[in-house]
Amino acid sequence: MPSPAVEPLTTLIAHYTAAHPHVVVSTTAAFTAAEVIAGVQSGSSEIGLLGTDMPISVPDVDVLPLEFQPMVLVVNPQQDEFIGRRSITGEELEGQRIVISQRGSLMRAQVDDLLARGVGLVIAAEAAHRSSLLPLVLAGVGHAVLPQAWASMASRAGLHVVELLPTVNLHIALISRRSGLTPAAEAFLAVANQYAATRNDMDR
């Protein structure tokens, strides 16, 4: 899925290719958790990486929780009232212009929830590809609600990122078949288990 593909997939592949430089990692895009699960269950993919609003359990599939990422607001540089703030509430977005992704993501669900609660957001643009969201914010089209994985990229691009309250977390997990994995996939799972253990130690 797009958000976990920013992180932790980048770090996982970097660690894996450092340990196994002659193995090529091939990834396939999926836009919902259901697509990821179906790909692993059907055998078209050995391993799946997904993000959900709650920790998941999938029948006949191993689930390795990796981390959770809070949702943040990436601030439109042409609307500077949030510059310098460390956090804001959803209600403070009243009247603000927002760029959103298509339905099926937690970031879109959070915006839809605010609208359902009567917060008067102005939908400025809907992007089919979530990779378009940061460029749209940079261009001044509107703010964007994104998982924390995008925060460092947004900051490097010169954008201000604030915590969105109350906190909503994207739960990132790796899933795999319970048997018949190739040695290369088994080695990737070992890297992922190491990553998960490190993240758990940091959260303590």
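## The largest pocket

The largest pocket has a volume of about 780 Å³. Its lining consists of 30 residues, and those closest to the pocket centre are Ser26, Thr27, Thr28, Ser45 and Ile47. The model is a predicted one.

Several elements contribute to this lining: α1 (2-6), α2 (9-19), α3, β1 and α7 (183-203) each supply at least two residues. The largest share comes from α3, with 4 residues. Sorted by class, the lining of the largest pocket has 19 nonpolar, 9 polar and 2 charged residues.

## Helix α3

Helix α3 spans residues 33-42, and its buried residues are Ala33, Val36, Ile37, Gly39 and Val40. These residues lie on the same side of α3, because they cover an arc of only 160 degrees around the axis. Ala34 and Ser42, on the other side of α3, are exposed.

What do the buried residues of α3 pack against? Their partners are the strands β1 (47-52), β2 (61-74) and β8 (169-177). After α3 comes Gly43, which has a positive phi, near 90 degrees.

In soluble globular proteins, nonpolar side chains tend to be buried together. In this model the largest nonpolar core has 49 residues, of which Leu66, Leu73, Leu93 and Leu146 touch the most other members. Helix α7 gives the most to this core, with 8 residues. A second, separate core has 11 residues, including Met1, Val40, Val61 and Ile175. Val40 is also one of the buried residues of α3.

The surroundings of Leu93 can be listed in detail. With neighbours within four places in sequence left aside, Leu93 is in contact with Leu73, Phe82, Ile88, Leu114, Val119, Gly120, Leu121 and Leu164. Of these partners, Leu73 is itself among the residues that touch the most other members of the largest core.

## The cavity

How many cavities of 30 Å³ or more does the structure hold? There is 1. The largest cavity has a volume of about 40 Å³.

The residues lining the largest cavity are Ile98, Val99, Ile100, Ser101, Met107, Arg108, Val111, Leu133, Ala144 and Val145. At least two lining residues come from each of β4 (97-101), α4 (106-116) and β6 (143-147), and β4 provides the largest share, 4 residues. By class, the lining of the largest cavity divides into 8 nonpolar, 1 polar and 1 charged.

Methods:
Residues are numbered from 1 along each chain as its sequence is written. This is a predicted model: local features need pLDDT of at least 70, side-chain atom pairs count only at pLDDT 80 or more; totals for chains, interfaces and linings use all residues. Side-chain values use heavy atoms; hydrogens and water are left out. Buried means under 20% relative accessible area, exposed over 50%, partly exposed in between (1.4 Å probe, protein chains only). The arc is that of the directions from the helix axis to the C-beta atoms. Contact means heavy atoms within 4.5 Å. On a 1 Å grid over the protein atoms alone, a cavity is a set of points where a 1.4 Å probe fits but cannot get out, and a pocket is an open set with protein on both sides within 12 Å along at least five of seven lines; lining residues have an atom within 4 Å of a point. Grid points are joined across faces, edges and corners, and a volume is the space filled by probe spheres set on the points. Ala, Val, Leu, Ile, Met, Phe, Trp, Tyr, Cys and Pro count as nonpolar, Asp, Glu, Lys and Arg as charged, and the others, Gly among them, as polar. A nonpolar core is a set of buried Ala, Val, Leu, Ile, Met, Phe, Trp, Tyr and Cys residues joined through side-chain atoms within 4.5 Å.
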